[in-house]
Amino acid sequence: MSNMSTTNLNEKVNTIKMLCSEVVNEVEAKMCQLNELEESQRALEEKWSKHRNVSRAVKLNIGGKKYTTTMQTLMNHPNSMFSVMFSGRHSLQPDDKGYYFIDRDGEYFGYILNYLREGDIEIHKSHIAKRLLREADFYGLTDLIDLLQDSISEKYTTTWSNSRRGSDTTLFDGNLKVTTSAMNNLVVANDPLPLSGSHYWEIVHSKPESPQGRSLANCYALGVCSNDLTNYNDFIYRARPQRDHVWAIEDNGKRSNAHLLSAEHNLVPWGSSGFGNLDRVGVLVNRDEKAIYFYLNGRPMGRAYTNLPDIPLFPFASLINQDVVVEISFPKIPDQ
């Protein structure tokens, strides 16, 4: 074979190789495009599958009360019981009407479901918050547990008012203490009690050089009053208009018992013990029950009132004797 023929043959072979390489490159490019399209299609199908799954209606029977929500709502909190239930790892069988049964309190589940939808909750009554705390724990809603604990643990505090006190009184120690230079003075707190929940404070009357427990004579009273109590220089039990605006107990100088003092009660004996100098008299106001409970040195004395109105109420105390000091403090509620 001549050199020219060999050269032509080599050129043709190289041309064929080049064309084959171009075809291979084009095929590989098309394959990459096809793979990308297939991957995109799988992603779309997976996304739609998830969307279809989480947005589908789910029917729940909570203790006999029926609810309908979406899978998305139930799955909003990844570590909750619902996320475990509907994760696909468990075989769940609804009843013949399509409801999944959970043996819990159906009345309170409405609050739980609203929290799952909104991510927040607003509770104005402490007994509801306490009951919901147990439900939130059962459903594994840790963020809701934190919210409820914060709302339950909010403590009412206040100080004695500089304007709502007898003319012979003096405030000191950050307005937590008040003393009097004359008889027949009252002092009222600055801030009203919240209209819901339970709120506790303690009052200590003290007089220099008087032993603990001794009667301070001339009587003294403590409890709550309304905004209508405006005369701070008078014996409460002597003036009916004064008593119309208070719900209180009073020590009449005898250690046998205390007395109720209100519009309906004027020195009506109550309880099994009186109180005196340096005794810690606790006042627990439960706005949801409309009730007042009293404590003596950390021990329950009993429930004195069950008819508190839904109006602003303020802690108050009387300062009957000269040089008596009245202190208000806010410890935790004693164990029952």
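**Figure 1. Buried residues of helix H4 in the predicted model.** In this predicted model, the buried residues of helix H4 are Gly106, Tyr108, Phe109, Gly110, Ile112, Leu113, Tyr115 and Leu116. Helix H4 covers residues 106–118, which makes 13 residues. From its first C-alpha to its last, helix H4 reaches 19 Å, close to the 18 Å expected at 1.5 Å a residue.

**Figure 2. The two ends of helix H4.** At the start of H4, a side-chain oxygen of Asp105 comes to within 2.9 Å of the backbone nitrogen of Glu107. Just after H4, the chain continues with Gly119, whose phi is positive, at about 80°.

**Figure 3. Nonpolar cores.** The largest nonpolar core holds 36 residues, and those that touch the most other members are Trp160, Leu222, Ile249 and Phe294.

Figure 4. The side chains of Arg131 and Glu135 form a salt bridge, with a distance of 2.8 Å from N to O. Both residues belong to helix H5 (residues 126–139); because they are four residues apart, about one helical turn separates Arg131 from Glu135. An α-helix has 3.6 residues a turn, so residues three or four places apart point the same way. Glu135 has a relative accessibility of 1% and therefore counts as buried.

**Figure 5. A salt bridge between two loops.** Asp310 pairs with Lys290 in a salt bridge whose closest N and O atoms are 2.6 Å apart. Asp310 lies in the loop between strand S15 (299–305) and S16, and Lys290 in the loop between S13 and strand S14 (291–296), so this pair ties together parts that are 20 residues apart in sequence. Asp310 counts as exposed, at 53% relative accessibility, whereas Lys290 is partly exposed, at 29%. Elsewhere, salt bridges that share partners join Arg104, Arg131 and Glu135 into one network.

**Figure 6. The salt bridge of Lys177 and Asp173.** The side chains of Lys177 and Asp173 meet in a salt bridge, with 3.9 Å between N and O. Lys177 is partly exposed, at 21% relative accessibility, and Asp173 is also partly exposed, at 44%. Side chains of opposite charge can pair when their charged atoms come close. The count of salt bridges in the model comes to five.

**Figure 7. Positive phi in two loop residues.** Leu278 is not a glycine, yet its phi is positive, at about 70°. Leu278 is found in the loop between strand S12 (266–270) and strand S13 (280–286), and its relative accessible area of 39% makes it partly exposed. Asp323, likewise a residue other than glycine, has a positive phi near 75°. The loop that holds Asp323 runs between strand S16 (314–319) and strand S17 (325–329). With a relative accessibility of 42%, Asp323 counts as partly exposed.

**Figure 8. A nonpolar patch on the surface.** Val23, Val27, Met31 and Leu34 form this patch, and together they have about 340 Å² of accessible area. Val23 is placed in helix H1 (residues 3–54). At 48% relative accessibility, Val23 counts as partly exposed.

How values were computed: Residues are numbered from 1 along each chain as its sequence is written. Side-chain values use heavy atoms; hydrogens and water are left out. The expected span of a helix is 1.5 Å times one less than its number of residues. Buried means under 20% relative accessible area, exposed over 50%, partly exposed in between (1.4 Å probe, protein chains only). A polar contact is a pair of N or O atoms within 3.5 Å; within protein, one must be able to donate a hydrogen and the other to accept it, and residues adjacent in sequence count only if both atoms are side-chain atoms. Patches are made of residues with over 30% relative accessible area and no salt bridge: like charges are joined within 9 Å, nonpolar side chains (Val, Leu, Ile, Met, Phe, Trp, Tyr) within 5 Å. Accessible areas come from the Shrake-Rupley method with a 1.4 Å probe; for residues, only the protein chains shown count as cover. A salt bridge is a side-chain nitrogen of Lys or Arg within 4 Å of a carboxyl oxygen of Asp or Glu. A nonpolar core is a set of buried Ala, Val, Leu, Ile, Met, Phe, Trp, Tyr and Cys residues joined through side-chain atoms within 4.5 Å.
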